Amino acid sequence: MLRTFYRLLKFTFQNFFRNFWLSFVTVTIFVLTLIIVNAMIFMNYVADRALESIEDRVEVAVYFTSDASDTLVKSAQGYLLGFAQVRDVRFVSAESALETFIERHAGDDVILSSLDEVGNNPFGHSLVISAESPENFPFLLEAIETPEYAPFIEEKDFTNYEQVIDNIKTLNDRVRVGGYILAGFFTLVAILIIFNTIRVAIYVHRDEIGIMKLVGANDWFVRGPFLLEAVLYSVLALGIVIGLLTLAFNVLDPWMARYFSGIDVNVGTYFMQNAVPIFGTQLLLASMLSLLTTAVAMRRYLRV
Amino acid sequence: MIHLKGVSKTYQPNIKALQNISLNVKPGEFVSIVGQSGSGKSTLAKMLFAEERPTKGEVVIGEWDISKIKQADVPTLRRQIGVVFQDFKLLPRKTAAENIAFALEVAGEHSARMKEIVGHVLKIVGLEEKANRYPRQLSGGEQQRVSIARSLVHRPKLIIADEPTGNLDAIHAQEIIHLLKKINEFGTTVVLVTHDRDIVNGLKKRVVTLQNGEIASDVARGKYVLS
């Protein structure tokens, strides 16, 4: 059994190297397809991490009118903290808001002089809400509109964040669709190339196949090398892709750490930790695809 | 060894290659099957190693009924029959020894045993010294001897030689016939398909003559009777 397998492997490598350039093109197309698949996984992961990070940072401010007492605003804070969807509610007093405003516009005399004209503190108290998820904000902003608090609410600031998150999600979805189309295209090319490679291999080995049959090789001994060759393409391509990804992550990870400062986007570690599901699935799918294509090519061109 | 009973072979649309052939060949016999081109002799030879199936009738080789043999059993049958062709069917990128070993390799033979058998059959055909030569470095006669050596590796009880001298000059052709006779003397049944008058007449063995797909004559110590 082991001896037969060893001989099948020997014939497989002979097939591979006798049609080296065809094998090279097949593996290259496979590599390109897998690179696109991994680029999609990469983009997906980075976008998810970026979104998670943005979502974590999203805060919504509820501004109260200047006549709302701090007791009323603190009562609203307590009310909001009672919701499971709320992670934190920070009370910002009118005085603190004024200080922040003055600090922010320290060099702007026009604004500061207009403050003087107003005379008193134009700001009211406000609450800064962090939710477990940005999806909870519409509900929370609705919830605070009770008869007790609604008359004192001057403004609720949420829409901008919602837009930003939506934009990122839309962009990510579009990139994903583009990735699917590109991966589909390359998969199709890979199928055609494998089909042709096996067809040529069968043609090149027609004498050998004829002699194999003549001297009593069974069907699987004739078919085996072609099927193993199909698996070999997948294994080689994935090996090359893993090598390229390792190199790419060495360069990309430090750069991305700088670019996404504060966001933990360690793609190399992510791929490493999920190597078995990520690359195992790719190996399985790529092998199945090439085996299936080879089987079709053999059915059509190989007479045993 | 070989029993053919009422064997016919028709190719589409209605080409009758063989018609109602009945023939018995005993173990250890040397039978020449002769006939002109298109007489059906190659079709008959192909049937003996299950390359063709009869449209009608029964073909039995040893214990194998070719008319009913399953596709999966064909390789086992072929390991029990040696086949030699006019065009040698050697792989150009393999040496003489490797070409012979190939038949054992595909059958899963152990490497050490393989080496032993290859050495032995090369000695039978007198090519021990040329074991490492490639087919292009051998004469036509030598290539045919390699082919015969390959057909011997499984110690077959039957050898089918389909025009084995067709590509050879008279001297090399005689060498090959001499070798087949030697193999026959060891007890192997030999079926020689040929249209070479001199070879058939020189053999003084059984001759079955085919004409238009039918047996025209079957003579124990026959001669080539066709014009």
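Mentor: A helix here is a DSSP run of H or I with at least four residues, numbered from the N terminus. The model is predicted.

Trainee: Which helix of chain A gives the most to the negative patch?

Mentor: Helix H4, residues 94-104 of chain A, with three residues. The patch is formed by A:Asp70, A:Glu95, A:Glu99 and A:Glu103. A:Asp70 lies in helix H3, residues 70-81 of chain A.

Trainee: What makes A:Asp70 count as partly exposed?

Mentor: Its relative accessibility is 36%. Partly exposed lies between the buried limit, under 20%, and the exposed limit, over 50%, so the term applies. A patch residue needs over 30% relative accessible area, and A:Asp70 has 36%.

Trainee: How is chain A divided?

Mentor: Into domain 1 (2-54 + 164-301) and domain 2 (59-155). Taken over C-alpha atoms, the centres of domain 1 and domain 2 of chain A are separated by 55 Å. A:Arg90 is in strand E2, residues 86-92 of chain A.

Trainee: Why is the contact of B:Arg206 with B:Glu29 called a salt bridge?

Mentor: The N to O distance is 3.2 Å. The rule asks for a side-chain nitrogen of Lys or Arg within 4 Å of a carboxyl oxygen of Asp or Glu, so the pair qualifies. The pair links distant parts of the chain, 177 residues apart: B:Arg206 sits in strand E9 of chain B, and B:Glu29 in the loop between E2 and strand E3 (30-34) of chain B.

Trainee: How do you know that B:Arg206 is buried?

Mentor: Its relative accessible area is 12%. Buried means under 20%, so the label holds.

Trainee: What else does B:Arg206 meet in a salt bridge?

Mentor: B:Asp218, at 2.7 Å from N to O. B:Asp218 lies in strand E10 of chain B, 12 residues apart from B:Arg206. Salt bridges with shared partners join B:Glu29, B:Arg206 and B:Asp218 into one network. B:Asp218 is partly exposed, with a relative accessible area of 38%.

Trainee: How many salt bridges are there over all chains?

Mentor: The count comes to 13. Among them is the one between B:Arg78 and B:Glu51, with the closest N and O atoms 3.1 Å apart. B:Arg78 belongs to helix H2 (residues 74-78) of chain B, while B:Glu51 is in the loop between helix H1 (41-48) and strand E4 (56-61) of chain B.

Trainee: What is the phi of B:Asn20?

Mentor: About 50 degrees, a positive value although B:Asn20 is not a glycine. B:Asn20 lies in strand E2 of chain B. Its relative accessible area is 57%; exposed means over 50%, so the residue is exposed.

Trainee: Where is B:Asn212?

Mentor: In the loop between strand E9 (206-211) and strand E10 (214-219) of chain B. Phi of B:Asn212 is positive, near 50 degrees. At 61% relative accessibility, B:Asn212 counts as exposed.

Technical notes
Residues are numbered from 1 along each chain as its sequence is written. Chains are lettered from A and ligands numbered from 1 in the order in which they are written. This is a predicted model: local features need pLDDT of at least 70, side-chain atom pairs count only at pLDDT 80 or more; totals for chains, interfaces and linings use all residues. Side-chain values use heavy atoms; hydrogens and water are left out. Patches are made of residues with over 30% relative accessible area and no salt bridge: like charges are joined within 9 Å, nonpolar side chains (Val, Leu, Ile, Met, Phe, Trp, Tyr) within 5 Å. Accessible areas come from the Shrake-Rupley method with a 1.4 Å probe; for residues, only the protein chains shown count as cover. Lys and Arg count as positive and Asp and Glu as negative; His and the chain ends are not counted. The place of a charge is taken as NZ of Lys, CZ of Arg, CG of Asp or CD of Glu. Helices (H or I, at least four residues) and strands (E, at least two) are DSSP runs, numbered from the N terminus. Buried means under 20% relative accessible area, exposed over 50%, partly exposed in between (1.4 Å probe, protein chains only). Domain bounds come from an automatic or database domain assignment.
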